[in-house]
Amino acid sequence: MKILKYVICILFGAMFINAGLNKFIMYMPTPELEGELQKVSEAMTSIKWLLPLVGIIEVLGGLLFIIPRTRALGAIMMLPIMVGVVLQNAIYSPSTLSIAGVLLLINLYILFDERRKYKPMIEK
């Protein structure tokens with residue numbers, strides 16, 4: 001079980017490192033967007049600091065997620081990104097919601113699994 005968890009965390013982290021780096025280097029082709037999704041994309045790119053910030057969080061969160069000692073921090077950093085991904089898919093692209101849902105479940109599982117590390121933050 002430990003090895004499976006480690007492999008899943010490596011894949012999860014690598015996927016977000018890849019997505020974050022793509023925001024800077026643009027090495028993956030982007031699909032043609034239509035309608036409302038095109039407007040959302042234009043709005044996000046018009047805010048000059050937003051995509052670089054998301055890219056940095058994705059790369060850093062992905063790296064932290066891979067390393068067992070920092071996995072709890074990586075999981076907490078990735079949670080807002082994952083919520084955004086799931087909402088984006090649920091509203092604009094329901095056909096890909098299952099992939100985003102699985103990623104959210106992985107993130108939530110790691111948050112639950114690492115819950116003892118969060119306990120000092122909420123105790124007096």
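Predicted model: local features only at pLDDT ≥ 70, side-chain atom pairs only at ≥ 80, totals over all residues.

Me: Which helices each supply at least two residues of the lining of the largest pocket?
Reply: Residues are numbered from 1 along each chain as its sequence is written, and side-chain values use heavy atoms, with hydrogens and water left out. On a 1 Å grid over the protein atoms alone, a pocket is an open set of points where a 1.4 Å probe fits, with protein on both sides within 12 Å along at least five of seven lines, and lining residues have an atom within 4 Å of a point. With helices taken as DSSP runs (H or I, at least four residues) numbered from the N terminus, those supplying at least two lining residues each are helix 1 (2–25), helix 2 (35–46), helix 3 (50–66), helix 4 (71–92) and helix 5 (97–113).

Me: How do the residues of that lining divide into nonpolar, polar and charged?
Reply: Ala, Val, Leu, Ile, Met, Phe, Trp, Tyr, Cys and Pro count as nonpolar, Asp, Glu, Lys and Arg as charged, and the others, Gly among them, as polar. The lining has 35 residues, with Lys23, Met44, Glu58, Val85 and Gln88 nearest the pocket centre. They divide into 21 nonpolar, 11 polar and three charged.

Me: Is Glu58 buried or exposed?
Reply: Glu58 sits in helix 3, and its contacts (heavy atoms within 4.5 Å) beyond four places in sequence include Lys23 and Met78. Buried means under 20% relative accessible area, exposed over 50%, and partly exposed in between, with a 1.4 Å probe and protein chains only. Glu58 has a relative accessible area of 5%, so the residue is buried.

Me: How far apart are the end C-alpha atoms of helix 4?
Reply: The expected span is 1.5 Å times one less than the number of residues. The 22 residues of helix 4 should therefore span 32 Å, and the model agrees, with its end C-alpha atoms apart by 30 Å.

Me: At which residue does helix 4 bend by about 35°?
Reply: A bend is the angle between axes fitted to the seven residues ending at a residue and the seven starting there. In helix 4, Pro80 follows the bend within four residues, and the bend itself is at Leu79.
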